[in-house]
Amino acid sequence: MSDTMKWIPAEVDADVPSVARIYDYLLGGSHNFAPDRAMADKLLAVQPNVADIARRNRAFLRRVVQFMVEAGVRQFLDLGSGIPTAGNVHEIAQQAAPGSRVVYVDYEGVAVAHSKLLLAENENAAVVQADVTRPDDVLGAEETRRLIDFSQPVGLLAITIGHYLPPASDPAGVFGRYRDAVARGSYLALTHLTDDFTSLHGDEIVETMKSTQNNVFPRTREQVLELFGDFDLVEPGLVTTSRWHPDYGVAPAVDPEEDGLYAGVALKP
Ligand SMILES: C[S@@+](CC[C@H](N)C(=O)[O-])C[C@H]1O[C@@H](n2cnc3c(N)ncnc32)[C@H](O)[C@@H]1O
């Protein structure tokens, strides 16, 4: 193993592409392997705007964190946080409100290893290696209990995670566990792949992703709305990523359906 490869955790299967590393590559990152890049190229062949979908998703995440900080939220639980890239949650939150606390959660080895490196000196942020479909593992983790005060509002971030949860894992029930765990005044933000949109080639994406570590399950608008439970959607409701309080740093899609993802934020009443 060369020096530059020493950071790769022993349990990482570099031969089978992972969505964390494919997404990192699509966003211009360097924490990915040849099989991830080959798979990203296959995705680009079936969905040529997939990198734009990823960039607008990431821009949505940044706006949402800013929005939640302005609403008074000072602690965040980021479910399926991925490989750190430009504009991570703790950077935005701690710049806007120093002392904000962030727990990242992912089950992928590269994502966790890089998060640990990045957060080594940050006493107010940590990463938990866990499967988000096991809420007890996430909510009961030492880092979660140290950093999150569940009597105070929490920003729950479920950004491009729902569509990796198979129906058998009961996504609505899983989301319900996290919603139930947080105090009134908490927010849930999510983005979710859908094939409601004609410009999204859902069947081909599902098929292509079958040879990765992460199967994909696009859902209808109604199924996505169910994930918010009895939380109240804030304006402008469930839209697509670039239409949720658009910013002009990342140009909104000409046709909202080109965003490919439903996006929304809801408040626990
Ligand atoms: C496309 S990335 C999204 C990263 C980040 N949330 C964002 O939107 O920029 C999806 C991440 O979810 C993680 N993931 C998928 N299923 C998961 C599960 N059941 N438990 C924990 N992490 C999961 C993947 O490893 C990957 O890092």
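Residues are classed as buried at under 20% relative accessible area, as exposed at over 50% and as partly exposed in between (1.4 Å probe, protein chains only). The structure is a predicted model, in which local features need pLDDT of at least 70 and side-chain atom pairs count only at pLDDT 80 or more, while totals for chains, interfaces and linings use all residues. Numbering runs from 1 along each chain as its sequence is written, and side-chain values use heavy atoms, with hydrogens and water left out.

Four aromatic pairs were found; rings of Phe, Tyr and Trp (its six-membered ring) pair if their centres lie within 6.5 Å, with planes under 30 degrees apart counted as stacked, over 60 as edge-to-face and the rest as tilted. Phe 67 and Trp 244 form an edge-to-face pair, 5.4 Å centre to centre with 85° between the planes. Phe 67 lies in helix α3 and Trp 244 in the loop between β7 (239-240) and β8 (261-267), so this pair ties together parts that are 177 residues apart in sequence. Helices (H or I, at least four residues) and strands (E, at least two) are DSSP runs, numbered from the N terminus. Trp 244 is buried, with a relative accessible area of 1%, whereas Phe 67 is partly exposed at 23%.

Phe 197 is in the loop between β5 (187-193) and α9, and Tyr 262 is in strand β8, so parts 65 residues apart in sequence are tied together. Phe 197 is buried, with a relative accessible area of 8%, and Tyr 262 is buried at 6%.

Helix α5 (residues 109-119) is mostly covered, with eight of its 11 residues buried. Among the buried residues are Gly 109, His 114 and Leu 119. The cover over the buried residues of α5 includes α1, α4 (89-96), β2 (101-106) and β3 (125-129), where contact means heavy atoms within 4.5 Å.

The largest pocket has a volume of about 740 Å³. A pocket is an open set of points on a 1 Å grid over the protein atoms alone, where a 1.4 Å probe fits, with protein on both sides within 12 Å along at least five of seven lines; lining residues have an atom within 4 Å of a point. The volume is the space filled by probe spheres set on the points. Of the 41 lining residues, Val 19, Tyr 23, Thr 160, His 163 and Tyr 164 are the closest to the centre of the largest pocket. Helix α3 gives the most to this lining, with six residues.
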